[in-house]
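Trainee: Could we go through this one together? I would like to learn how to read it with some care.
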Amino acid sequence: MDAPVPAEDPAKLRAALLRAMPVSRMLDYGMDHGDAVHLAHAAVSEPWHEVATRLAEAQLARAEAAADRGDAETAVACYRRATASLVFAQMAFNTDHPVKRALYVRLIRAYQAAAELDTELRVERLSIPFRQSHCTAWFVRRSGDRPGPTVVIVGGQSGWGPAFHQQAEALARRGLSAVLLEAPGQGDTRMAGGLHLDGNVDRAFSAALDAVRARTGYDGRYGVWGNSFGGLLAARAAVHDSRFGACCVNGASAKPEPLPFRTAREQSRALLGVDTDDEAAAVLRTLWLDPAVERTSAALLVLHGGNDPLVSLDQQKVFLGLSARPTLRVWDDGDHTVYNHSAERTEFVCDWFRAQLGRA
C-alpha cells in the first residue's frame with residue numbers, strides 16, 4: 001500500500017493539503033479535535049495519509065475495546081471519529097490510486113460498524129440502481145420514527161457520504177431523515193460502482209427519492225442539501241424533480257469551470273472520468289444552470305462564506321434566481337462552505353429544512 005513519492009517539494013505539498021483540509025474542515029466532518037490538530041502539525045515529515053490512518057487505527061482500537069466492554073455509546077463515537085480520520089486519509093489522493101481505494105473501503109467498514117451498534121439512530125446502507133450500476137447511499141433517521149420528510153445530502157469533488165454524518169444526525173434530531181448520497185463520480189459510487197458524473201446526474205437524485213419512497217411509503221415533499229460543488233448538483237435536482245420542496249446550496253458556482261490549481265483539476269477529472277482539462281470543461285458546461293430558462297418550485301437557501309477562496313458571492317447569487325422563494329445567508333468571515341462556523345451553519349440549515357418540510 002505504499003504511495004508514490006510526490007514530485008513536488010514536501011513543504012509545498014503539505015501546504016496544499018492544509019489548504020484543502022484545514023482543521024475547521026476536519027472538525028466539521030467529525031474528527032476528534034486533538035486528532036485534527038495532530039494531523040495538521042505532524043504531517044510535516046510523514047505522508048499525510050499515513051498520519052491520518054494511524055489516528056483512525058487508534059480510534060478503531062478504542063471502539064473495539066469499548067464494544068467488548070459493552071460500552072456501545074463509546075464504541076459508536078470512536079468508530080465515527082475513525083471514519084472521519086479515514087475520510088481525510090483518502091483525501092490525500094486526488095485520483096483513484098489503489099491506496100485511496102483501500103482507505104475508502106476501510107472508511108465504509110468503520111461507518112458501518114458504528115451503524116450496527118447505534119441504538120438511537122438507524123443508519124442503513126442503500127444500493128440504489130442507476131444506469132448499469134448503482135449509487136451508494138446511507139439512510140439516516142431516529143430509531144422508531146415514523147416515515148417523514150427526508151433531506152438528500154451530497155458533497156462535492158472530495159468529501160462524500162459519511163463525511164456529512166453530523167449534518168444527517170442534526171436533521172434526525174429534528175424529526176427529519178437524511179440520505180447521504182454518493183452521486184456518480186463520488187466515493188463508492190465511483191470507485192466500486194464505476195459511475196462518473198455527467199449531465200444526467202439529476203436522475204440519480206430522483207432514484208434516491210424513489211428508493212426512500214419504496215422503503216418508507218412517504219409521499220410528501222423532500223429536501224436536498226449540496227455542499228461545495230454538490231450545491232450545483234442539489235440545485236439541478238430541485239430544478240428537475242418537483243418532489244424537492246426545499247434546497248440548500250452551500251458554496252457552489254452555477255457555472256463551474258476547471259479551477260487553476262492542480263488539486264482541483266485532478267479531482268475534477270476523476271469526478272468526471274476524463275483525461276484533460278478541456279474534456280472536463282466540456283462536461284461541466286452540461287451541468288450549468290441558467291435562471292433565465294430553468295426554475296424550481298422549491299424554497300431555496302444559499303449559504304456563502306465571505307472569505308471563500310473558491311466561490312464568489314456573485315457566483316452564488318445566480319442560484320437565487322432559480323426560485324420564487326430564495327434566502328441568502330452570508331457569514332462575512334466564513335471560509336469555503338462555512339467550515340469555520342460549522343455548528344451554527346448546520347443548526348441554521350436544519351432548522352430551515354424543518355420549517356420548510358415539517359417533521360415526522
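Trainee: Among contacts between residues at least 6 apart in sequence, what percentage join residues at least 24 apart?
Mentor: In the protein that share is 71%, where a contact means heavy atoms within 4.5 Å. Keep in mind that this is a predicted model, in which local features need pLDDT of at least 70, side-chain atom pairs count only at pLDDT 80 or more, and totals for chains, interfaces and linings use all residues. Residues are numbered from 1 along each chain as its sequence is written, and side-chain values use heavy atoms, with hydrogens and water left out.

Trainee: How many helices and strands are there?
Mentor: The protein has 14 helices and eight strands, counted as DSSP runs (H or I of at least four residues for helices, E of at least two for strands) and numbered from the N terminus.

Trainee: And how much of the protein is buried?
Mentor: Buried residues account for 56% of the 360 residues, with buried meaning under 20% relative accessible area, exposed over 50% and partly exposed in between, using a 1.4 Å probe and protein chains only.

Trainee: What box do the C-alpha atoms fill?
Mentor: Taken along the principal axes, the box is roughly 50 × 50 × 45 Å.
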